Amino acid sequence: MTASTSSVITLHVNGEPRTLTVDHRTTLLDALREHLGLTGTKKGCDHGQCGACTVLLDGRRAVACLQLAVAAEGRAVTTIEGVAEDGRLHPVQEAFLELDGYQCGYCTPGQICSALAVLDEHAAGWPSAATADVRPEAGPPALTDDEIRERMSGNLCRCSAYPAIVRAVAQAAKAVSA
Amino acid sequence: MREFRYERAADMAGALTLLAAEPGARPLGGGTNLVDLMKNGIERPALLVDLRDLPLGRIEPTADGGLRIGATVTNSDLAAHPDVRRRYPALAQAVLAGASGQLRNMATVGGNLLQRTRCGYFTDAAAPCNKRSPGSGCAALTGEHRNHAVLGASPHCVAVHPSDMAVALAAFDAVVVYETLDGPGELPLAEFYRPVDSNPQLETALPPGALITGVVLPPAPVAAASRYRKVRERASYAFAIGSLAAALDIRDGIVHDVRLAFGAVASRPWRARQAERALTGGPADAAAFAAAADAELAAARPLPHNGYKLPLMRNLAVSVLTELAEEAAR
Ligand SMILES: Cc1cc2nc3c(=O)[nH]c(=O)nc-3n(C[C@H](O)[C@H](O)[C@H](O)COP(=O)(O)OP(=O)(O)OC[C@H]3O[C@@H](n4cnc5c(N)ncnc54)[C@H](O)[C@@H]3O)c2cc1C
Ligand code: SF4
Ligand code: FES
Ligand code: FES
């Protein structure tokens, strides 16, 4: 048996295969920031408690600080650097800009990645803890401010830009479904 | 963090063999608890066996009309599943009440069941803690224990189990199924978590080296009218200070079937059988609900700073059962 404590892995980051050698202790967050120079994804708590490090893993939001890089081998990672397409901002990014969904901006990459997933999860009919009736017969819940607050609750903002974040997500939801 | 080896198991036999060959091995589900604990040195595995590729990611109906939920099903997929939402709505609600959207996408059913307590002394390597370091004492007894156990604790450990999901599973008589090198086994949730004795480091009855393969929910018509309610210190993204899974079937004004389980009051999800017995066959009104909660809580032994959990659980039981009764009457 090998006693190796590091591995060569390939991550598909923002559409590009990236091969790197990681010590197994490396989180996806540190692999992105320290190995690949993608510093858009932020480190807040490093314990899953703030959402600053939110990325999309195979299209679903995840906290990169509790994801071991080696365990993400072969998977697709979308970071904030990969959200705009062909130089055009995504409607979620535009809404954050237009409605000032931030102050210092530190939590913003995580907020935006999380918001992208919120729109997808809602479109897929997922209920949330704010959904009065979770039974499928009740139909998908409307994306009210309460629903947005609950669904975005995994992303803390030390500047407390929450009201504008909720407005931005609501506007982006309209833009995306239009 | 200690250095460790990493293997991605291709199949069940491979995973079990890897776990058996290395006493310091740990299965890796979503890693949301394990990696966190490795970061502060509380867990120091020599090998992680990643369960990702095992065929345990499905939710399927069982022949008798229940559901079988695979161990690597994510918390998100569990809560979004139509059969879970339709037939066991309190389970979907319990899962949705836990953690955050990001964490639920990563967390698995097996890992959720086996997540460790959030007692602050357990994760503080400098503090005495019998669960982390057997025989060292329990700092919570005379320290910070606002969110510790009021039921079924021992002087050796007063920690609570933090899972929301497990509370709903307890209410619905879920059975944990597992695999070992010697073959499969199963444990009803009521026997899965050991009562706390002088060995709080031993939390479950799972044999060493076993892998949880899933959870089986028996058919439970009463569960279709069920609810999970969680009380916490902020509106979302926080652990419970008290929670309740309840299901109620009323026929001709009389309680025909009822399920109750309390969360964040004990070292395990607390199935409230005394309360269920008190209610079954009797009236479904607020006085009966309060008396039933009191019957359950009669055995409670609060600590100096967590006595609030008694009225909290009583009020929670009365309000949730009253809602369910009103909805049944509509
Ligand atoms: C910030 C934060 C907030 C949270 N809030 C809540 C909350 O409000 N409510 C709540 O209920 N939970 C909450 N959680 C906890 C979360 O639900 C758990 O961390 C998660 O469910 C664990 O699942 P996992 O797959 O990530 O487990 P892992 O971290 O991968 O594993 C946990 C343990 O289970 C073992 N294990 C995993 N799978 C198996 C298997 N199949 N067989 C045998 N052993 C196995 C591992 O070896 C490890 O010991 C929170 C977590 C964080 C970080
Ligand atoms: S309550 Fe349990 S986990 Fe907390 S310090 Fe005491 S022994 Fe440790
Ligand atoms: S840095 Fe990952 S959740 Fe805070
Ligand atoms: S904008 Fe400053 S932390 Fe959110």
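Author: Charges first need a rule: Lys and Arg count as positive and Asp and Glu as negative, while His and the chain ends are not counted. Each charge is placed at NZ of Lys, CZ of Arg, CG of Asp or CD of Glu. On that basis chain A has 15 positive and 21 negative charges. Their mean positions are 4 Å apart.

This is a predicted model, in which local features need pLDDT of at least 70, side-chain atom pairs count only at pLDDT 80 or more, and totals for chains, interfaces and linings use all residues. Residues are numbered from 1 along each chain as its sequence is written, chains are lettered from A and ligands numbered from 1 in the order in which they are written, and side-chain values use heavy atoms, without hydrogens and water.

Now the fold. Chain A holds 5 helices and 5 strands (DSSP runs: H or I of at least four residues, E of at least two, numbered from the N terminus). Starting at the N terminus, the order is β-β-α-β-β-β-α-α-α-α.

Next, the dimensions. The C-alpha trace of chain A spans about 55 × 35 × 30 Å along its principal axes.

Then packing. Of the 178 residues in chain A, 51% are buried, meaning under 20% relative accessible area with a 1.4 Å probe, protein chains only. Among contacts in chain A (heavy atoms within 4.5 Å) with a separation of 6 or more, 53% join residues 24 or more positions apart.

Technical notes
Buried means under 20% relative accessible area, exposed over 50%, partly exposed in between (1.4 Å probe, protein chains only).
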